[in-house]
Structures are given as structure tokens and as C-alpha cells.
Amino acid sequence: MSTIARSNHNAFSSLWAGLSAPEKTLFWLFILLKCALLFAIPLTGDEAYFIVWGQDLSLGYYDHPPAVGWVNYLLSLVADNLYWYRSFAFFSSALIAYLIYKLLTLKSEHDFKLAFYVAMAFFVSPVSLMFVINANDTVLVFFGMIGVFWFAKAMQQQSWQFAVLAGVFLGMAFLSKYFAVFLLTGLLVFSVLNVRTYGWKLPLLAAVIVLLFVGENLYFNLTHCWNNILFNFFSRTRHSEVDPNNVLMYLGMLLLMLSPLGVYYWLRYAKWNRGFSQKLAVYAGLPLLLVLVLVSFSNVIGLHWPLLSIPLIYLLYVTLPQAQLKGLYLFNAVSSLVIGVVLLGALPFLSQLLPESHKSEAAIYTQTDKVCALLPQKTMFTLDYSSQSALSYYCKNDNIHVFMSTSKYGREDDKKVNYKALAGQDLTMFVSKQKDLDKVARFFKEVKVEELKPLEGVVYYLVTGKSFDYSAYRQQILLPVYEQYYRAPEWLPEAECRFKQNYDF
């Protein structure tokens, strides 16, 4: 073990030893709770969707840049197991907490014990509970925080090696989700305003490397119908409506994510000292939060949208007195335990708690093995990307596709199936709602319906459609999908688009 590593280990050991018995107990209870949630929460549709991405390595995917697919691919080389995939999220939260500590002690401008309490307060926070689901937001925060750390190291130590690492990890953050643009913009502004202190060569080196990753994504979009651009900047905002209530909901959500007690303490006790970590937190973390305020006027902000900024804003808590930081740690830990226990207690009653319209679908995710036992191992179709991904993963069937969907979400399967080539063929479909049977039947000369009963009170339908009517399907499904999600505005350069070619649009 190197001298630096031994020193860090000794420092952590000393800081851990300084925790009181109740503080240590809460820490271990949080770990146990988080492990319990990791194993208890059923596979989610988005998780399954991203896992399927990892089974088909590509330069990019329909909805978002490819980093989460690449991470899942690497994880799958070790084991194709849901809990193994989720372990990435679990350990990511621990790494992020450690990076908070390292960023706060980079210049030794803050007391190590205060930095330790800030890191621990984040690690046991309700936000950290979100890191049991492995999705693209998890990967975004993972790469974003590592990139910020290496950027800070590069600036502090004037190291081109660290600048290269910063560029690589910040580039991977961009390839995780476009929200990384606001982090990158903040770091650029920080570099420009502090050019006399840190120079321009290292930020420029990091920026050039990031641009290589941006170039990769632009190449993918240019050869894939501008998928990411159209989805994130057009499809998702097409039906937005101004609603001031969304702003209040977003601000309330932000208060909860940053911890109500933490925000109160910061407003009352914190002292702005213009330290390096504080300035970095503001420039790197604030742009996304401010942009989301504007977005919230016309869109409901998802709980995961501001996730990248939360650990960065936590850096500001380091100016709190130690007594308040201890209180914040205890408050966050107890809050997480209450939320986690309630969630664990509710999971067995999930089917009863769901709205009536969703109850029939619950078994697809909670009792997937029983559903798979009733399904044939052949090419078949579901009616949405979520069930398609879940069944494809659990049933070990790569030939499950999405039929009749006109949703803007989860259209990655469009690349894997050509409906024109299926004209006149018999198709098998898994239908979860009886009301959808007539909608499916209109695309076939006749249909045969078989009821599937994986559980008492749960009925699904295995539909065999005779002689698929491609012409009707093209007109009623594929044409609206093309018009809404694949037709780029004229100001974008002409892109290669297999969807357009396949169906002669």
C-alpha cells in the first residue's frame, strides 16, 4: 500500500472511530435497508430496457446516448444477473460520497471531520436510496462526479494527466445523458472566469477530449435519423403546457432531495467563504437546477432529472458547524430508514396499491417467472417497450418485439424488426389487457386468442394473428410514428434513416 493510500486509510479509520455508537448503528441499518431494497424491488421496465441495450452493443440507442448500455454490457461479461447490475448503482453511491469527501479536502481548506460528515450525510440520504436502480441517471452521476473530481485535481495540481482523465469521464457523462451539458457549461464558465489562476491549456485539453465524445454522438445521430436529438428536444416537449403548479412541485421536490433540515441549516448557519469547493459546486451544480426551473413551467420534472446536481450542491454544506452536520447526518439517516421501511412494507401489496388500470400488468414485473413459463420460445410481440424488455430479459428470448406502439418512449426496437418483411405472415402477441384485443385484431384476417393465467385473478392473452395486414399497419401505426418521431426539421442535415428506408417514407 502506497504512503498516500495508507494515509487516506488511516484518516478514514480515525474519522469512523470518532462516530458515536448511534451514528454507527444508523449507518449499518441504512446499509442493510439499502441491500434489502436492492433485492426486494421488482425489475422495472426502464431497468430491463437498459439491460437489453447492454446485450446489443452499439454506438448509440434511440432514447439517449449509449453509456448505460456500455456499462451494462461490461457488467454482463461478469454475470447476467439483475442484482449484479444493481450493485453498480449501490457502489456508485458509496463512490460519490467518497468523492464529495475528496473534493472538500482537496486543498485542505476545510476540516476533514466536517468533510466526512457531509459525505456521510449524502450517503445515508433518501437520494442515496435511489441508487439501487441501475439506469442512465445512475451512470450519469457516476461519470459526472468522477469527471468533476479529476477536473478539480487538474486545476489544483496543474496536471495534464488529470485533465485527460477529466475529459474522458466528463465525455462519458455526456454519453450518459444530455443533462451533462449543463455541468460542462458550468465548468467552462468556471475555467474562463478563473483563467488567471489556473490557465487555459488544461481546461482546453479537457474540452477537446469531451468534444471527441460529442462527435461520436453526432455521428450516431447522423446515421440514425437524429434519434437522440429528436427524442430529447422535440418528441418529449411536443405536448407541453404551461402550468405554474409544476414549478412549485419541482421546488418542493428539490427541497426534499437536498434535505429540508440541510437547507434550513445552510440558510441559518452557513458562511460563504469563496473556497475552491464551494465555487466549483455552484458553477458545476447550479446550471441544471436553474434550467429545470424554466422547464418546470411547462413540464412535470421527474425525480431523477436534477440527480446530477444534488451531490454537487451537498458540497455547500461543509460550511455548517459540526453540530449541525451531525444533526443533518442523523436526520437524513432516520428519514431514509422511515422511507425505506414504508417502501419495503408496501411492496408485498403492490398489486393492491396500483391503480385498477395497471393491476393486470403487475405480474409481468413481480411474477415474471410464472408468466414466462406460459409463453412460447419463439418470435412474439408485446404492446409496449416496458413489458417487451422485461419479458425478453427474464424469458431469455431476444425475439420479443413491440407491436402497435405509437409512444415516443422506448422505440429502440424499431431497429430490430421490419414489419414490411412480415406482410402476410402469422404473428404471435402477448396482450395484457382485454380491451386491446380488438385493436390488435384489425391488422389480421383472423385471430385466435388463448387465455393465460399465471396467477389467480390475473389473465393475459396469447394472440395468434393470421395473415398480417402490413398496408393497414403502415398507414395507421408506422406513418404517424414516422411523422412524429422520425421526421427531422429541415434545418438539420439529411441523416441516414433505416426506418424511413424500410417503410418507403
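The model is predicted: local features need pLDDT of at least 70, side-chain atom pairs count only at pLDDT 80 or more, and totals for chains, interfaces and linings use all residues. Residues are numbered from 1 along each chain as its sequence is written, and side-chain values use heavy atoms, leaving out hydrogens and water.

**Exercise 1.** Find which residues of helix H4 are buried, and which helices they pack against.

Solution. Start with the terms. Helices are DSSP runs (H or I, at least four residues), and strands (E, at least two) are too, numbered from the N terminus. Buried means under 20% relative accessible area, exposed over 50%, partly exposed in between (1.4 Å probe, protein chains only). H4 spans residues 67–76, and Ala67, Val68, Gly69, Val71, Asn72 and Leu75 are buried there. Next, look for contacts (heavy atoms within 4.5 Å). The buried residues of H4 pack against H3 (45–54), H5 (82–104), H8 (136–157) and H9 (160–174).

**Exercise 2.** Describe the largest nonpolar core and the surroundings of Leu375.

Solution. A nonpolar core is a set of buried Ala, Val, Leu, Ile, Met, Phe, Trp, Tyr and Cys residues joined through side-chain atoms within 4.5 Å. The largest one has 138 residues. Ile100, Leu280, Leu375, Leu391 and Phe430 touch the most other members. H8 gives this core its largest share, 13 residues. Now take Leu375. Leaving out residues up to four places away in sequence, Leu375 touches Met380, Leu391, Cys395, Phe430, Leu452 and Leu462. Another core, of 32 residues, lies apart from the largest one; Tyr470, Ala472, Ile477 and Cys497 are among its members.

**Exercise 3.** Classify the ring pairs Tyr198–Phe276 and Tyr486–Phe499.

Solution. Rings of Phe, Tyr and Trp (its six-membered ring) pair if their centres lie within 6.5 Å; planes under 30 degrees apart count as stacked, over 60 as edge-to-face and the rest as tilted. The count comes to 56 aromatic pairs. For Tyr198 and Phe276, the centres are 5.9 Å apart and the planes at 70 degrees, so the pair is edge-to-face. Tyr198 lies in H11 and Phe276 in H16, so this pair ties together parts 78 residues apart in sequence. Both Tyr198 and Phe276 are buried. For Tyr486 and Phe499, the centres are 4.1 Å apart and the planes at 0 degrees, so the pair is stacked. Tyr486 is in H25 and Phe499 in H26. Tyr486 and Phe499 are both buried.
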